[in-house]
Amino acid sequence: MRLLSLSILLISFAGIYSQDGIFRDSIASLLQTKCLRCHSGSTPKGELDLSSERSLREGGSSGKVIAMDGKKSLLLEMIEQRKMPPKDKLTDAEIEAFRKWIQSGSKWNGPALEPKSTDATPKRAGKDWWSLQPIRRSALPATRNSGWIRQPIDTFILNKLESNGLGTAPEADRRTYLRRVKFDLLGLPPTPEEITQFQADTAPDAYEKLIDRLLASPHYGERWGRHWLDVVRFAESHGYETNELRRSAWPYRDWVIRAFNEDKPFARFVQEQLAGDVVAAGDIQNEVATGFLVAGTHDVVGNATPEGMAQQRQDDLYDMVSATGSTFLGLTVNCARCHDHKFDPITQREYYGLQAVFAGTQHNTRRIDDPVLSKKLKSLEQETKPLASQLSKLEGKTSLIGKARAQMNTESFPAIEARYVRMTIVETERHDEPCIDEMEIYEGDTNVALSSKGAKASASSAFPDASIHRIVHLNDGQVGNSHSWISNEQGKGWAQIELPQNCKIDRIVWGRDRLRQFADRLPSKYRFEASLDGKTWTLLCTDQDRLHRQVPAALANEVEAQKELQKKLQALTTEAEALRSQLQVYCGSFKSPEKVYLLKRGDPMQKLEEVAPLAIASVGVPWNLSVSASDKERRLALANWIASPANPLPARVMVNRLWHYHFGTGLVNTPSDFGFNGGKPSHPELLDWLAAEYQHNGGRMKPLHKMIVLSATYRQASTTTEKVRTDAEKVDADNRLLWRFPRRRLEAEILRDSILAISGNLDLRMGGPGYDLWKYSNYVVVFEPREPTPADTFRRMVYQFKPRTQQDKTFGAFDCPDGTLTMPRRNTSTTALQALNLLNSEFMLDQSGRLAERLEKEAGSDPSRAIEHGFMLALGRKPKGQELETSLAVVRQHGLPVFCRALLNTNELIFID
Amino acid sequence: MQLSLAGHSLMDRRRFLGNMGGGLAGVALLDLLKQQSQADQKQPIRPSIDSQHPLASRQPHFAPKAKRVLHIFCSGACSQLDTWDYKPELIKRHGQPMPTNSKLVTFQGENGALNQSPYAFKQRGQSGKFTSDLLPQLGELVDEMCFIHSLTSKTNTHGPGETYANTGFTLEGFPSAGAWVTYALGSQNQNLPAFVAIPDPRGVPQVGPANWSNGFLPAVFQGTAFNAISSIPHLQPPRSVSKSDDEAARDLLKRLNEEHLKERPGDTALSARIASYELAARLQLSAPEVAELGQESVITQKAYGIDSPNKFLAGFARNCLLARRLLERGVRYVQLFNGAYAMGEGVGNWDGHKQLKKDYDRHGPILDQPAAALLKDLKARGMLDDTLVIWATEFGRMPTFQKGAQGRDHNPDGFTAWLAGAGVKKAFSYGATDEFGYKAVEKVTTIYDFYATILHLLGLDHERLSYYHNGIERRLTDVHGHVIHDILS
């Protein structure tokens with residue numbers, strides 16, 4: 001009976017479908033469109049995965065859905081009762097097709113199926129999403145007021161303004177324009193001379209000459225490079241709990257600045273950042289661009305659990321995928337870590353395919369082979385050696401006197417017979433636990449305290465759980481913080497050496513860190529005692545003796561010589577450090593790729609199948625590699641895919657970033673998200689026109705900059721008439737259509753740079769290791785500001801050493817990114833703390849004083865002249881009558897610094913028209 | 001043509017503070033074009049923020065139980081087994097190996113035997129809840145507390161653990177709970193910061209400012225860090241600036257700014273900045289006033305422990321008293337940190353890996369008296385009626401001692417936090433860990449649930465309090481979280 005009915009079925013369908021046909025012709029596509037959105041992936045509903053034959057047969061949480069005999073099928077029941085699919089119902093014919101397929105044995109004639117997550121619905125973007133379409137350069141639109149137009153881009157802006165019934169603002173005057181464009185392109189205020197010169201330049205190409213000059217300035221790269229560093233989450237520490245410093249990450253920052261200055265073509269720009277070690281092998285200047293890959297956070301806390309370790313690695317890779325996706329593609333690829341992207345056509349498999357690209361990339365410093373630099377370093381080290389030994393000899397002599405020093409101190413006393421020597425510390429400089437790196441006790445010229453000679457060290461306590469700070473380090477013959485003892489008592493502790501036999505001693509040499517890295521934990525009050533039996537003690541000396549010892553005349557010269565030597569040595573050390581950080585650069589290290597798996601719910605402990613490198617199918621020209629592809633091949637393939645003109649996203653994203661920084665808001669106002677949740681372009685044709693132009697220029701920025709800043713749109717004033725404004729605000733309060741130029745607040749960095757420039761103290765040295773605002777304690781990284789702010793920190797803020805989460809105490813509050821997440825668009829918030837910082841910080845008061853000195857020096861003693869000069873320097877204009885009068889009254893009664901303090905806080909300085 | 005703009009941009013409704021240049025009276029072009037495609041999703045409710053007064057008090061989504069929050073955070077992972085989670089079975093099986101299928105490896109490595117707490121547990125309060133002798137004074141207040149014994153974390157590492165506990169994400173860079181709450185609700189006091197983070201007298205916690213970060217929210221919602229010893233940075237000019245010079249500079253600044261504004265009418269960003277200098281001036285008066293603990297009676301000061309010879313206890317007591325004074329003045333969110341990282345593992349915080357008793361003997365008293373006094377004080381003043389108190393830590397510790405050591409390793413799988421005050425049940429315990437206190441087994445609770453509940457108490461729907469950042473509507477509770485209705489009073 002059973003056999004019979006089955007054969008009847010088979011016969012009756014033979015005319016319509018072959019056995020293979022029914023699956024291929026209709027079931028596969030029905031499954032894809034109607035079922036797989038829920039019943040596939042890493043977390044299928046009801047644990048029922050209908051994407052492959054195997055998973056279909058396995059069934060779900062309600063058990064098998066298809067019986068072997070093809071008779072009873074839960075799946076068919078649900079379909080026939082129209083319970084499934086719940087929303088997008090099947091037609092009768094479709095139900096019939098399922099019935100036939102299941103009853104005929106549900107043969108799966110084909111590969112596993114992917115859900116069609118690339119289909120658009122009202123709730124999500126599909127492959128047809130606007131930003132994924134090819135770039136189309138449209139003809140320039142028609143406008144009525146064509147006399148206004150200076151550049152092609154103006155036609156797009158004007159067209160849209162006109163169609164919304166809006167006008168344009170009058171042209172900004174030359175002074176305003178110069179100020180705007182110099183801040184915009186270089187991040188620096190115009191000098192009074194520049195202003196006069198530009199205002200007087202009657203040549204027809206005055207504007208063009210100005211822009212050419214600005215774009216050729218090396219400070220352009222500092223300004224626009226800083227924008228890029230925001231986008232790529234660059235910072236100079238690991239973040240998280242240890243927040244360890246990355247002293248050699250700056251070469252990437254310098255590469256960025258150079259890349260902008262050289263206007264590196266986009267393809268090269270991408271290739272070097274993703275695979276500089278491949279495309280620029282041997283060229284260290286460009287190899288370091290791979291710093292991009294490891295610019296993000298990195299959790300280094302040792303974790304003994306496999307889940308913990310796997311999670312840390314997953315987080316590192318997540319950071320790389322996420323940064324690459326948002327930076328170059330403007331896509332939130334990272335959202336597909338645990339499941340298919342909810343809004344954009346990106347599958348979870350594609351997320352892991354991209355992760356596979358970075359599977360060989362490790363957070364680490366990389367040795368850069370550069371014979372020239374290595375040789376230079378070697379010769380520096382050779383130069384340093386004799387100086388250092390000379391210095392330590394001198395220090396041996398002079399370390400007898402004055403306050404105890406961190407490096408080394410010598411205590412001398414009349415010779416005495418001793419078996420035990422004890423140092424009792426009663427106070428440290430900072431009331432922290434005292435540290436001693438080595439205690440040397442001399443009989444004649446022999447150090448008799450060494451453990452290697454049988455001496456034994458003991459102490460009141462030892463710092464817990466710190467292998468580098470143990471009691472045995474007191475006399476192990478090794479100096480420096482890593483071989484030191486720290487007590488476990490704040491501000492006190494004692495350390496004792498039992499000598500191997502009775503010795504006639506007359507000198508003790510001790511230090512906190514002879515390698516000069518640390519100066520905390522320094523004993524300030526202490527005494528040394530000696531004993532023969534360990535019970536009765538004789539006082540040898542105390543810290544007071546040092547203060548009262550006279551400088552012997554013979555030593556006076558040596559004290560001077562020591563100072564000189566120290567200075568020289570410091571300079572050499574700094575230079576050597578800088579060289580070392582170029583030879584050991586934090587720009588990632590690469591090894592052969594680890595295996596990458598699709599992870600169920602993104603959980604590193606729930607591996608599904610292995611995934612090979614692959615691109616996002618809905619973007620550009622798809623590619624994929626085999627699992628055996630090398631690390632280099634993988635990254636290069638990704639770079640080339642991004643750089644390919646067939647990929648429409650990168651060019652759109654790049655020109656939009658450009659627009660965003662010029663006008664404060666991008667044509668797409670979510671610069672790193674061109675997906676479903678991002679903004680839609682306010683001027684789509686303009687965006688494409690610019691993207692086409694960019695590609696046509698070989699992916700160079702500068703021609704676009706020039707076109708934009710010379711446009712009539714950009715040259716508008718930021719203030720317009722009351723009527724135009726109120727009319728426009730009814731339609732477009734956010735000024736997205738650009739009916740005037742948007743006034744903008746200076747960013748934190750530019751504000752600091754400008755104040756230094758105005759006061760005449762900006763140090764324009766470029767490149768190299770950054771200046772450091774912090775001093776560090778040794779146990780864990782704790783940041784304390786160096787105060788007062790030393791003049792060696794007066795370089796541009798792009799060169800500020802930038803540990804994560806640690807902000808500049810004065811300027812950080814101005815929405816400065818702290819380097820933890822990418823920041824494609826900064827907030828501009830206004831807070832009372834910003835006001836307090838600009839009014840009262842030591843930095844600002846110092847600068848007010850310095851500006852006052854400058855005004856006096858350059859404008860002479862006439863206060864009116866000084867005020868005028870101050871206005872010119874800070875605001876680029878002369879004071880108006882009333883302003884001059886009010887300022888004069890203040891200067892007369894309170895002095896120039898008070899005027900300067902007010903001037904440096906003004907809205908006019910901080911907001912650019 | 002016009003409609004090619006269509007579809008919106010969500011961004012345009014999500015107007016940042018600084019982007020309000022056009023003024024609130026104006027209309028965003030793209031605002032007019034609502035996006036209907038998300039109609040059946042929960043729409044975000046965006047607080048309407050006045051750029052002149054970004055911290056002005058705002059209405060919650062629905063009637064709240066709590067108006068303000070006191071959040072006590074114990075840094076370093078305070079052990080549930082030595083404080084609040086009483087496990088008779090652990091005492092009974094002290095010294096025996098934990099019954100597991102495989103070798104028990106946790107954060108720092110292998111574990112030794114089960115270990116009972118060095119602190120005895122006693123029944124306390126009317127309710128007779130067992131708590132340990134480590135925190136006897138807080139223990140006496142169990143009748144006020146609502147314990148959640150089944151909290152879980154996603155990580156066993158302090159850094160990510162602390163950001164997870166305070167921002168809902170293990171990655172750095174996300175806004176803290178205090179920032180979210182002040183973003184939503186502003187503050188009832190316009191002369192003080194809306195969100196104050198009070199670091200321990202011993203230093204800052206493990207990931208420092210990431211604990212009170214505004215993340216991608218506007219900076220005005222960042223926690224302002226100060227405590228009873230060190231005030232707000234740059235609050236006053238240095239002494240070298242005389243009062244009259246200070247006033248002259250600020251007066252001149254005001255005139256120049258007003259002159260400048262006159263020529264640029266309608267720019268609220270400019271007037272907001274003028275207003276920020278006025279707020280700064282008010283802050284200069286109110287911040288020192290709130291820190292003047294001498295205004296409190298000697299009895300109050302003593303109750304907190306300000307006179308203690310233990311300088312850390314006295315310091316934390318001052319911070320607790322400062323917290324009460326801030327809350328009293330309408331500050332929306334006060335977070336008190338107990339424990340500091342700078343001193344090293346376990347020395348200055350609750351990270352008792354190697355010598356738990358030695359560490360906790362130091363830390364217990366520092367927390368106990370001041371925090372208990374604070375709770376009692378809030379109750380006596382009737383403030384518990386509309387103040388929500390949170391006591392929390394980043395994760396728990398193991399019921400075993402580490403192999404060869406006298407302390408407990410990290411344990412993210414089950415730990416305790418408690419709530420007290422506005423809107424929560426009193427003398428109530430929710431959820432449970434297993435017989436040893438190792439894993440949450442009953443009513444397992446996530447940080448998302450925890451914060452969903454806290455936001456609910458403040459009148460906020462955790463699914464609708466969101467902020468667009470980098471392609472995603474971000475929430476304190478990510479895409480998870482359920483309000484724990486069982487603990488609501």
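**View 1. Helices α27 and α28 of chain A.** A:Pro863, A:Ser864 and A:Ile867 of α27(A) touch A:Leu884, A:Ser887, A:Leu888, A:Val891 and A:Arg892 of α28(A). Contact requires C-beta atoms, placed from the backbone, within 7 Å. By class, the residues of this contact are five nonpolar, two polar and one charged. Nonpolar covers Ala, Val, Leu, Ile, Met, Phe, Trp, Tyr, Cys and Pro; charged covers Asp, Glu, Lys and Arg; the others, Gly among them, are polar. The model is predicted: local features need pLDDT of at least 70, side-chain atom pairs count only at pLDDT 80 or more, and totals for chains, interfaces and linings use all residues. Residues are numbered from 1 along each chain as its sequence is written, while chains are lettered from A and ligands numbered from 1 in the order in which they are written.

α27(A) spans residues 863–875 and α28(A) spans residues 881–894. Their axes are 10 Å apart, at an angle of about 120 degrees. The pair is therefore oblique. Axes are lines fitted to C-alpha atoms, for helices over the stretch in contact, and angles run from 0 to 180 degrees between N-to-C directions. Under 35 degrees is roughly parallel, over 145 roughly antiparallel, 65 to 115 roughly perpendicular, and the rest oblique. The crossing of α27(A) and α28(A) is right-handed. Right-handed means that the near helix is turned clockwise from the far one by less than a right angle; anticlockwise is left-handed. Helices (H or I, at least four residues) and strands (E, at least two) are DSSP runs, numbered from the N terminus.

**View 2. Helices α10 and α11 of chain A.** Helix α10(A) covers residues 219–231, and α11(A) covers residues 250–262. The axes lie 8 Å apart, at about 120 degrees. That angle makes α10(A) oblique to α11(A). Their crossing is right-handed. From α10(A) come A:Tyr220, A:Gly221, A:Glu222, A:Trp224, A:Gly225, A:Trp228 and A:Leu229. From α11(A) come A:Arg253, A:Val256, A:Ile257, A:Arg258, A:Phe260 and A:Asn261. The contact holds seven nonpolar, three polar and three charged residues.

**View 3. Backbone details in two loops of chain A.** Most residues other than glycine have a negative phi, and most peptide bonds are trans. Between A:Met84 and A:Pro85 the peptide bond is cis, with omega about -10 degrees. A:Pro85 sits in the loop between α4 (74–80) and α5 (92–103) of chain A. The loop between α4 and α5 of chain A also holds A:Arg82. Phi of A:Arg82 is positive, near 60 degrees. A:Arg82 counts as exposed, with 11 C-beta neighbours inside 10 Å. Buried means 20 or more other C-beta atoms within 10 Å, exposed 12 or fewer, and partly exposed in between, with C-beta atoms placed from the backbone. A:Glu47 lies in the loop between α2 (19–35) and α3 (53–58) of chain A. Its phi is positive too, near 55 degrees. A:Glu47 is partly exposed, with 13 other C-beta atoms within 10 Å.

View 4. A:Asn907 belongs to helix α30 (residues 907–910) of chain A. The residue is buried, with 23 other C-beta atoms within 10 Å. Its C-alpha atom is 8.7 Å from that of A:Arg745, 162 residues away along the chain. Neighbours within four places in sequence aside, A:Asn907 contacts B:Asn257, B:His260, B:Leu270 and B:Arg273.

Chain B gives 84 residues to the contact and chain A gives 87. On the chain B side, α1 (10–13), β2 (105–106), α4 (158–167), α6 (243–262) and α7 (268–290) each supply at least two residues. The largest share, ten residues, comes from α6(B). The chain B side has 40 nonpolar, 33 polar and eleven charged residues.

**View 5. Helices α9 and α10 of chain B.** Helix α9(B) runs over residues 311–328, and α10(B) over residues 356–380. The axes come within 8 Å and cross at roughly 20 degrees. α9(B) is therefore roughly parallel to α10(B). The crossing of α9(B) and α10(B) is right-handed. Residues of α9(B) in the contact include B:Phe312, B:Phe316 and B:Cys320; those of α10(B) include B:Pro365, B:Leu374 and B:Asp377. The contact of α9(B) with α10(B) has 14 nonpolar, one polar and two charged residues.

How values were computed
Two residues are in contact if their C-beta atoms, placed from the backbone, lie within 7 Å.
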